[in-house]
Amino acid sequence: MSTQLFNEGATEERAENARLSNIIGAIAVGDLVKSTLGPKGMDKILQSATSRGDDGLIVTNDGATILKSIPLDNAAAKVLVNISKVQDDEVGDGTTSVCVLAAEILRQAEQLLDQRMHPQTIIDGFRLATASAREALERSAVSHKDDKAQWREDLLSIARTTLSSKVLAADKHKFAEICVDAVLRLKGSTNLDRIQIIKKAGGKVSDSYLSDGFILNKKIGVNQPRLVKGARILVANTPMDTDKVKVFGAKIKVSDTAQLAELERAEREKMRAKVQKIAAMGINVFVNRQLIYNWPEQLFADAGIMAIEHADFDGVERLALVTGGEIASSFDSPELLKLGACDTVEEIIIGEDRMVKFGGAAAGQACTVVLRGGTGQMLDEAERSIHDAIAVLSQTIAEPRIVYGGGCSEMLMSKAVDDAAKLVPGKKSIAMEAFAKALRQMPTILADNAGLDSADLVARLRAAHYDGKSTSGLDLFEGDVVDVVGKVTESFKLKRQVLLSASEAAEMILRVDDIIRCAPRQRRN
């Protein structure tokens, strides 16, 4: 006699079927983004079915962008998407690596499951392997923070490594300088709000530059000063349109035009009083989140105040941050308001557009990266690339240790895991060897994506590491095994996060032995 436990329409997968379903889903996600890995990785086009034109079109090779843009039904695949998002939030780069490594670990686990090895035994082996790999990575990490020149060179090398797999690879030396200069201004802070990125279509990518100060993509009012020195700035979010009667359903009846003129005069006087309150604070620049109508704009011009309207929320918040002011909404208690300050506020032209530049802001860390490019998609991808590089650099300044890339760190960890496996009795050692093999897949994929003979290159790389050359890595441009010191540098925090996130995700997926899907909701009619 069978008992129905779940609602009609609900499904359940158990034991081997559940594990296989999860592993296949995770490997499929890894294979999806695998081809974007490394300096010779390819891009993906993501096209929305609903949006028309360029709105629904993304051209990218950023793992996190690809994975969060595609709808997935498999539960294990969603776990990989989540670790990719966490990697993006935590470090900024390595989003593809973490997915691919997790998928390769699960690929090895699948072979062990076929040999009738228990998932918990595999997990125990993977845990020992992760600990050995982490120790090896920490031993290989170096820090040059005390040597200013070498420290800057390390940061430039990290930026070049990050950008070499992006759309900006052709100009990676120039953009590495831009990113390092921008991050060093933060003086150790990891708050990237002070670095503004402005995209302007036109010109070519190499026309991009780093501008000192904060640039607001807005215009200055009519007949107002175009340059203000020693600026005292009030950042506000207040209605500067004509104060109409804002009561729903309210009506005003007038019997002749004189009464109408009197109403209009009262409104104008009310606005004049508001502008006088603002001007009385001794400011010479007024930035408002909302619109400024013609009459108050004229009053600001008469008072010699530069007024900028309709600065979006992001703009006013960043402006308040970098100028040291606070956003105001009422002006009855001027002593409670905190004004912003900067050396100069001036109108500049980028391409064909006029913008406002705030130079020498109170928070000296502020700067703006101005990106140029031929298409909107190119600019979007360039912005993602710059964001990744800046995020990694800011994290590296907080955790100054570095490791070497080009498959060097993965092979180093793989060797350490293999050596540790020889001392572990029982089946756990087989799981550790499988983990080491998964780590060796990373340089294999890098070589495959570059169109090189991966079997030959990885074998030579492995031989170099066993020969004591622990800084050997792959040069994918020359197709050779070289000493990667000073050539391919990566953040220690990034590599550690990739290792830990991938092994934890693989462990979580291996633990599952039952998948229960609820019945789909019935639509009426």
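Me: Is Phe286 buried or exposed?
Reply: Phe286 is buried, since its relative accessible area is 0% (buried is under 20%, exposed over 50%, partly exposed in between, with a 1.4 Å probe and protein chains only). This is a predicted model, where local features need pLDDT of at least 70, side-chain atom pairs count only at pLDDT 80 or more, and totals for chains, interfaces and linings use all residues. Residues are numbered from 1 along each chain as its sequence is written, and side-chain values use heavy atoms, with hydrogens and water left out.

Me: OK, how many aromatic pairs are there in the whole structure?
Reply: A search turns up three. Rings of Phe, Tyr and Trp (its six-membered ring) pair if their centres lie within 6.5 Å; planes under 30 degrees apart are stacked, over 60 edge-to-face, the rest tilted.

Me: What's the geometry between Phe286 and Phe300?
Reply: They're stacked, 5.0 Å centre to centre with 25 degrees between the planes.

Me: And where do those two sit in the chain?
Reply: Phe286 is in strand S8 (residues 285-288) and Phe300 in helix H9 (residues 294-302), 14 residues apart. Helices (H or I, at least four residues) and strands (E, at least two) are DSSP runs, numbered from the N terminus.

Me: Is Phe300 buried or exposed?
Reply: Buried, at 0% relative accessibility.

Me: Switching topic: which residue lies over the face of Trp295?
Reply: Arg268, at 4.0 Å from the ring centre. For that, NZ of Lys or CZ of Arg must be within 6 Å of the ring centre and within 35 degrees of the ring normal.

Me: What about Tyr466?
Reply: Lys415 lies over its face, 5.5 Å from the ring centre.
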